[in-house]
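Please view the model first.

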Amino acid sequence: MSRSAHPAGPRHADVLPEGHHPAPPADLNRLDAKVWSRTAARNEDGVVTVGGIEVTRLAEEFGTPAYFLDEEDFRSRCRAWAEAFGADADVFYAGKAFLSRAVVRWLHEEGLNLDVCSGGELITALDAGMPADRIAFHGNNKSPEEIERAVRAGVGRIVLDSFQEIVRVAHIAQGLGVRQRVLIRVTVGVEAHTHEFIATAHEDQKFGLPLAGGQAAEAVRRTLGLDGLELVGIHSHIGSQIFDTSGFEVAAHRVVGLLAQIRDEHGVELPEIDLGGGLGIAYTSDDDPREPHHIAKALHEIVTRECENAGLRTPRISVEPGRAIVGPTAFTLYEVGTIKPLQGLRTYVSVDGGMSDNIRTALYDAEYSVALVSRTSDAAPMLSRVVGKHCESGDIVVRDAFLPADLAPGDLIAVPATGAYCRSMASNYNHALRPPVVAVRDGVARVIVRRETEEDLLRLDVG
Ligand SMILES: *Cc1c(COP(=O)(O)O)cnc(C)c1O
């Protein structure tokens, strides 16, 4: 780290004008249906409602900042994914995007399966009644305790990520007298982001075993030789916020190549192929995600064609959407605290949360939208940056945004599409109290994860 790092944190906001700001939207009051959850709307007074409840009432009852999750939208997205992929495929919701017991119950009721990647996620899933055989356990360094808990619980599959883990899981399963169903996670040399993907021979990352150089094939050989393991398939996950299925095409081609190699070398045709998650959502009006039925059709066609070419039976397909299910279903509601116009630059709008409830902007340069939601305004658009209240100049929630020029302290603004990787990545930085998640449906709002309290903070600090 640089010696001249700013005392308030090493990461600086770029305060100089960048030259090409996005153009202001034609109508600042309009909620783009692509970006907002399904039941979000403005009522005749200009106040935004979700599940039929005004945000002003929600703020009064639950405080700000807070995440409001549109339950109807969440459930309908689950159904859309399950129906699109049909009976000969499995949809696993990636719990790391956002997990709570209420969410687990909704997933169960809507017929989805669940991916977990830690003991904490596993206990949440089991406690809320998700049948263990519908749970998949992921991760590149599962502890022996976590593995044992998962095997004892009877999870449907463990996704093996290293040579050590093959032996660990086999040993634990054998000790418990069971045969654990497993998949092997391979890296196929495809890295996909948004509109582009890169296909290379090698993949330089911590997850999975590379196809290139034969490590994946060696992992298959070892797994097939162990009594405690039942190898059911190959797993690949190529990236995140992907809009285009061409990256999956290259991945499927390479995974099917391995399936053919396994048939030739071991005489077995593995029954499953898991293509992972990573499907994109609209964070701004510029993003155009594809509907689940388009994605399902494309992936089915790709796998079927590749298997026909290789002379293999088409395996059962699994997918693992996290963001695409929960991302669009929630928004974060903030109250505006201070407003600081910087001549010739932009206006800094400070809210009562920040990087502790949404780290994605600082971490990934993620883009978000924002709107004034407690009222409408006819004022001119004002180039703004929505920032938090943390001691870090990189504490940015929305880097480039247009808000009405008459914005005032006390106004409520909301950032849509914060359902995924916001509460689940939230921190206590500056001893912030992590915000609640409130589920809203048909005029009823209920807390599903409560707001942290100062008591919670002090309870962990044992003096
Ligand atoms: C993170 C992850 C997912 C979910 O990714 P999204 O971008 O939320 O769809 C699925 N599978 C695996 C293995 C992952 O690591």
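For the classes used below, Ala, Val, Leu, Ile, Met, Phe, Trp, Tyr, Cys and Pro count as nonpolar, Asp, Glu, Lys and Arg count as charged, and the others, Gly among them, count as polar. The model is predicted.

**Ligand site**

The ligand sits in the largest pocket. By class, the shell around the ligand holds 4 nonpolar, 7 polar and 4 charged residues. There are 15 residues around the ligand, and those that come nearest are Lys96, Gly278, Glu320, Arg323 and Tyr421.

| Residue | Protein atom | Ligand atom | Distance |
|---|---|---|---|
| Lys96 | polar side-chain atom | oxygen | 2.6 Å |
| Glu320 | side-chain N or O atom | nitrogen | 2.7 Å |
| Arg323 | polar backbone atom | oxygen | 2.7 Å |

On its own, the ligand has 390 Å² of accessible area. The protein covers 92% of that area.

**Domains**

How is the chain divided? Domain 1 takes in 41-70 and 328-459. Domain 2 spans 71-323. Domain 1 is therefore written as two segments, under bounds that come from an automatic or database domain assignment. The C-alpha centres of domain 1 and domain 2 are 33 Å apart. Domain 1 gives 21 residues to the contact, and domain 2 gives 18 residues.

Terms used:
Residues numbered from 1 in each chain as written. Predicted model: local features only at pLDDT ≥ 70, side-chain atom pairs only at ≥ 80, totals over all residues. Heavy atoms only, no water. Near = heavy atom within 4 Å. Polar contact = N/O pair within 3.5 Å; in protein donor to acceptor, adjacent residues only side chain to side chain. Areas by Shrake-Rupley, 256 points an atom, 1.4 Å probe, with all protein chains shown as cover. 1 Å grid on protein atoms, 1.4 Å probe; cavity = no way out; pocket = protein on both sides within 12 Å on 5 of 7 lines; lining within 4 Å. Sits in = over half its atoms within 2 Å of the grid points. Contact = heavy atoms within 4.5 Å.
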